[in-house]
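User: Hi! Could you walk me through this structure, one question at a time?

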Amino acid sequence: MNKLIKLLLGQIVIATGIALVINSNLGAFPITLTNLSLSNITGLSFGFCSMLVELIIISICISLKAKIGIATLFNGIFGGYFIDFVLLFLPTPDIFILRLIYVLLGAVILVLGFYLQGSAGLGKTSSNLITACIRRKTGFSITKMKLIQETCFTLFGLLGASSNFGLATIVLSLGFGYIMDKCYKIIKYDPTKVNHKYLF
């Protein structure tokens, strides 16, 4: 598969995973909570705030001497707008069990999106990049790093988007790293073994 097509497909899959969790009305992914918080505080659109947060994370990664690829910038600039687009077509379930399925399915789909973008070899998404940067300095596992990272995003998100905090936020804060670990093992994907092409 052409790397750019894989990159685009990965972005659509990532947006779908995040949108499923948002429309579950059981909470949001921690980083999404941060973006919603910033949007509520500033009055700016979700897509723009998502881009702003992503670019801040990318800047931190650059300061940690991380390498930036096309995928990193593509996801950072357009990710929030892709989510806005998917939300236009995604129904909101009324039954609790369907909402719960949205959350769990969204988490797995997001990991699949990370796999598609990461395996394209064009750089990592900013959230995965900063995880890799800190893992390199601390030696922590993905599970531990994601727990720390998602908790920080959740705390900031509570400042302006407490109404979007819910069961899904708690579950994903505590368990998304575990879900990612397990999914990567099932599909036999090791992101550390991918040879990426970087812009700088």
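Predicted model: local features only at pLDDT ≥ 70, side-chain atom pairs only at ≥ 80, totals over all residues.

User: What covers the buried residues of α3?

Analyst: Residues are numbered from 1 along each chain as its sequence is written, and side-chain values use heavy atoms, with hydrogens and water left out. Helices (DSSP runs of H or I, at least four residues) are numbered from the N terminus. The cover of the buried residues of α3 includes α2 (30-42), α4, α6 (126-138) and α7 (142-157).

User: Which residues of α3 are buried?

Analyst: Buried means under 20% relative accessible area, exposed over 50%, and partly exposed in between, using a 1.4 Å probe and protein chains only. In α3, the buried residues are F46, G47, C49, S50, M51, V53, E54, I57, I58 and C61.

User: How many Å does α3 reach from its first C-alpha to its last?

Analyst: Helix α3 spans residues 46-63, which makes 18 residues. The expected span of a helix is 1.5 Å times one less than its number of residues. For α3 the expected value is 26 Å, and the reach is close to that, at 26 Å.

User: Is K65 buried or exposed?

Analyst: K65 is found in the loop between α3 and α4. Its phi is positive, about 65°, although K65 is not a glycine. With a relative accessibility of 73%, K65 counts as exposed.

User: Are α1 and α4 oblique or roughly parallel to each other?

Analyst: Axes are lines fitted to C-alpha atoms, for helices over the stretch in contact, and angles run from 0 to 180 degrees between N-to-C directions. Helix α1 (residues 3-23) and helix α4 (residues 70-87) pack at about 45°, with axes 8 Å apart. Angles under 35 degrees count as roughly parallel, over 145 as roughly antiparallel, 65 to 115 as roughly perpendicular, and the rest as oblique. Therefore α1 and α4 are oblique.

User: How are α1 and α5 oriented to each other, roughly parallel or roughly antiparallel?

Analyst: Helix α5 covers residues 96-119, and its axis lies 7 Å from that of α1. The two helices pack at an angle of about 160°. So α1 and α5 are roughly antiparallel.

User: Where is K188, and is K188 buried or exposed?

Analyst: K188 sits in the segment after α8 (167-186). Its phi is positive, near 55°, in a residue other than glycine. With a relative accessible area of 76%, K188 is exposed.

Conventions. Contact = heavy atoms within 4.5 Å.
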